[in-house]
Amino acid sequence: MSSMNTSGYEQMQLIQVDPVRRNISLVLTQIFVWPFIYLTFLMLLIFSKKETFRTETRYILFGHSILVDLMFLCLTDFVVLLSYNFVLIPLHFCVPVCMLMEVVAVSAPLTIGAMCVERYVAICMPLRHQAISTSRRALIVILMIWILSSINPFVDMFILISTASREYLSQLTHCHYEIMILERIRHFARGLLYIVGLVLILIIEIFCYVMIYLAARSASGDKKSASKGQRTISLHILQLFLCTAEVMCPYIEAVVMQYDIQTYLTVRFINFLAFSITSRAVSPLVYGFRDEKFYAAMAYYIRCKNNEISTDIDKQT
């Protein structure tokens, strides 16, 4: 969703405006992105090692969330490195990369919505939670998320193959999703469709938040769990707003580019870090550091690794 709305040739010209700025931006991007890649990879590794996380619905959905975030960060960084180093690749290789980026980008807010619904069921329907939230249903939800996320990219791919010329399909280009959308009207339709989807997810999250708030005020409810659930959904709503801002960024950048190239480059860089990357950093905050069980597992894993390193150093000395 962070792809740019200029052609590959125009992107090259924009990046070449100031080589010093290009190099500084590239270094800052790597400094900012790789800690999040390491953190999400570490959390995914911990998730895979603990059987209890692989059997509880909330952790299964969380594991899927950090998986798609990790894929998005790696793919985005790969595209950024290609772009800033003036590397053009065949369009037929770029299309699958763009499709996968689109799928994981759309999967993120859908997973957020599923996680909010799971918290609503756990807090507002505690007696039915065990029967409703099963690991099998969680996997079915994840499958549905991938199917829904894949519809638009596959439709765009089939339209591209059937309408584009052979010369266009064989050209070298930068990887950005707009290479698959040749008509401007479809570009705006894609953004509008994504925003409508985000609004629907936001309505679901607000409904879950209100119901959990009412449960927290109820004398019979688990006030501690309800209060924690409210804070969790609040962070999910923040994450959803970041995803919405990420969708709007290319349209804002297109307007800025008409007035000043240097300002456009600055706005594009800030938008990339503030929305594309930061929105993927909220999930580790929500569960990795706030969830007691997962935080304990992560602290134990890091402590064990540090002890192993210390033991190896002592043996060498």
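This is a predicted model: local features need pLDDT of at least 70, side-chain atom pairs count only at pLDDT 80 or more; totals for chains, interfaces and linings use all residues.
Q: Let's start with Tyr168. Which helix does Tyr168 lie in?
A: Tyr168 lies in helix H7, which covers residues 166-169.

Q: And is Tyr168 buried, exposed or partly exposed?
A: Partly exposed: the relative accessible area of Tyr168 is 21%. The cut-off for buried is under 20%, and exposed needs over 50%, so a value of 21% falls in between.

Q: What is Tyr168 in contact with, leaving aside its neighbours within four places in sequence?
A: There, Tyr168 is in contact with Leu91, Leu160, Ile179 and Leu182.

Q: Take Leu91, then. How many residues apart are Tyr168 and Leu91 in sequence, and what is the C-alpha to C-alpha distance?
A: Tyr168 and Leu91 are 77 residues apart in sequence, and their C-alpha atoms are 8.1 Å apart in space.

Q: Thanks! Switching to charges: how many salt bridges does the count come to?
A: The count comes to four salt bridges. As a general point, side chains of opposite charge can pair when their charged atoms come close.

Q: Which residue forms a salt bridge with Glu102?
A: Arg190 does, and the closest N and O atoms of the pair are 3.0 Å apart. This pair links distant parts of the chain: Glu102 sits in helix H4 (residues 91-124) and Arg190 in helix H8 (residues 184-217), 88 residues apart.

Q: Nice. Are Glu102 and Arg190 buried or exposed?
A: Glu102 is buried, with a relative accessible area of 4%. Arg190 counts as buried too, at 9% relative accessibility.

Q: What about Arg119, which side chain does it meet in a salt bridge?
A: The side chain of Arg119 meets that of Glu118, at 2.9 Å from N to O. Arg119 counts as buried at 12% relative accessibility, and Glu118 counts as buried at 4%.

Q: And where does Arg186 come in? What is the N to O distance in its salt bridge with Asp156?
A: The side chains of Arg186 and Asp156 meet at 2.7 Å, N to O.

Q: Which residues are joined with Asp156 and Arg186 into one network?
A: Glu183 joins them: salt bridges that share partners bring Asp156, Glu183 and Arg186 into one network.

Q: Last one: why does Arg186 count as buried?
A: Because its relative accessibility is 19%, and buried means under 20%.

Note on methods. Residues are numbered from 1 along each chain as its sequence is written. Side-chain values use heavy atoms; hydrogens and water are left out. Helices (H or I, at least four residues) and strands (E, at least two) are DSSP runs, numbered from the N terminus. Buried means under 20% relative accessible area, exposed over 50%, partly exposed in between (1.4 Å probe, protein chains only). Contact means heavy atoms within 4.5 Å.
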